[in-house]
Amino acid sequence: MSSQPLSPRKVHLVGSRIRELRKGRHLTQTELSERIGITQSDLSRMEQGEYKVGLDTLFKILQVFDLKMSEFFGETESPQEEEARELVSEFQGLSGDSRREVRDFVRFKKLQEQALGEPLPAEEEKP
Amino acid sequence: MSDRRKHLEFLRRTAKDAIWAGDYDRALVLYDDGLALARGWKDRGLEDLFTCNRATTLIEMDRQDFDLSRLKEILLRSPSSFNGALAAYVCANAHEARGEYSRARFYAQTALQKSRDIRHDELTGTSLNLLANLELHESRFEEARDLFQEALERLDSQGESLSRQSAVASDNLGYCHIALDRLDVGVPLVQRSLSVLESLGARQAMDYPALDLCFAHVKTRQLGDAEEWGLRALGLGEEFGRQDVVKNSHYLLAETYSEMGREPEADEHYDALANYYPDFPALKHYLREISLVGMINLRA
């Protein structure tokens, strides 16, 4: 068995981060525990790193917080990054057929811009 | 033992072997036959015994189409007998399967007390194992570890006859140690469990040990081994319809491939997992960025 180095690519969800995110959302322990379906005392143990849960509960936590990745990394997200993230999130929620339609539309817009020679300027850049 | 009892005992033994091999349909047919015979012979004790065994099989099959109140009636009618203790144990399993954990704990403690009273080592060991699983569900790893240890000692003391149950307790104990970061103690216990279960053809019980070894190797970043055990756990989970094993396997495999830099394979498992949560379309997006390995409980 060969051991491989730990990848720094991912952020690890830990109890203390859940506490910070909860406070950032102005949620009490009671409110959050009710939303994810565990008791307040278990949430308290979770925030202290003593309570581990199944995937279903962990996913409920992610869903309740509706995280922006930058929040997790403690970074500030630019408006363009936020728009891109939201677009990706919405795209991932579409059916296969709808995704194909979106891709076709993007290709159409790119072709249209190429046919016009120059990309259309963004609205706020117009004189 | 009368010929009738010998015949029914043979049916029970054969049904038990079928359950361990994962052939639940066959076990159910055998228990149905035994139950019909016991009723025909008007043997109340055997009827109660087969009623309990049949319900256990249905619980294993994720089915609830049995009369729980009938099991409680057996417990009340025969409180000091093996059937009464067994009925309490099956009630505990039924409540656990329904997510009614405080009720499950009550009946598991009742089963433990009664099986100790009648000095039945197998039922004492399996009741301890069930109580420990309920502790694990509540993330009380130290308490669960101590109960699994006691269960293992009790079952091991019976030698070869209870080796399958002992192997299950060994795996559970090993998982507790792995979760508590004592991989040096936990991994050999899980390996011992797998080896025994494999040698006895108890395929249906091999999914959790495989998953536990995958988890241990993810923790130590021994990714080749994590992949091997994760794929094995996934195959067994799919074969025996264990959704919790399948979901956890997909997650651990996705994490493994992600750490290996094999993104297309990671995506395949993230997608498979995300399909279980259609109302959370951004799930895959999160999972690609956030690791939940440090907070996951494979038995919750």
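Chain B, to start with, has a secondary structure of 15 helices and 1 strand. Keep in mind that this is a predicted model.

First, the overall form of chain B. The C-alpha trace spans about 65 × 35 × 35 Å along its principal axes. The radius of gyration of chain B is 20 Å, which agrees with the value near 19 Å that a compact globule of 300 residues would have. Of those 300 residues, 52% are buried. As for contacts in chain B with a separation of 6 or more, 49% of them join residues 24 or more positions apart.

Now one helix from chain B. H11(B) runs over residues 207-219, which is 13 residues. From first C-alpha to last, H11(B) reaches 19 Å, close to the 18 Å expected at 1.5 Å a residue.

Is H11(B) largely enclosed or largely open? It is largely enclosed by the rest of the structure, because 12 of its 13 residues are buried.

On to chain A. Its domain assignment gives domain 1 as 15-67 and domain 2 as 79-116. The C-alpha centres of these two domains of chain A lie 33 Å apart.

The helix to look at in chain A is H4(A), residues 55-65. Its buried residues include Leu55(A), Leu58(A), Phe59(A), Ile61(A), Leu62(A) and Phe65(A). They cover an arc of only 150° around the axis, so they sit on the same side of H4(A).

Which elements cover that set? From chain A, the cover includes H1 (15-24) and H2 (29-36). From chain B, it includes H13 and H15 (283-287). So much for the cover; the end of the helix comes next. Just after H4(A), Asp66(A) takes a positive phi of about 45°.

Note on methods:
Residues are numbered from 1 along each chain as its sequence is written. Chains are lettered from A and ligands numbered from 1 in the order in which they are written. This is a predicted model: local features need pLDDT of at least 70, side-chain atom pairs count only at pLDDT 80 or more; totals for chains, interfaces and linings use all residues. Helices (H or I, at least four residues) and strands (E, at least two) are DSSP runs, numbered from the N terminus. The radius of gyration is taken over C-alpha atoms; the globule rule is 2.2 Å times the number of residues to the power 0.38. A residue is buried if 20 or more other C-beta atoms lie within 10 Å of its own, exposed if 12 or fewer, and partly exposed in between; C-beta atoms are placed from the backbone. Two residues are in contact if their C-beta atoms, placed from the backbone, lie within 7 Å. Domain bounds come from an automatic or database domain assignment. The expected span of a helix is 1.5 Å times one less than its number of residues. The arc is that of the directions from the helix axis to the C-beta atoms.
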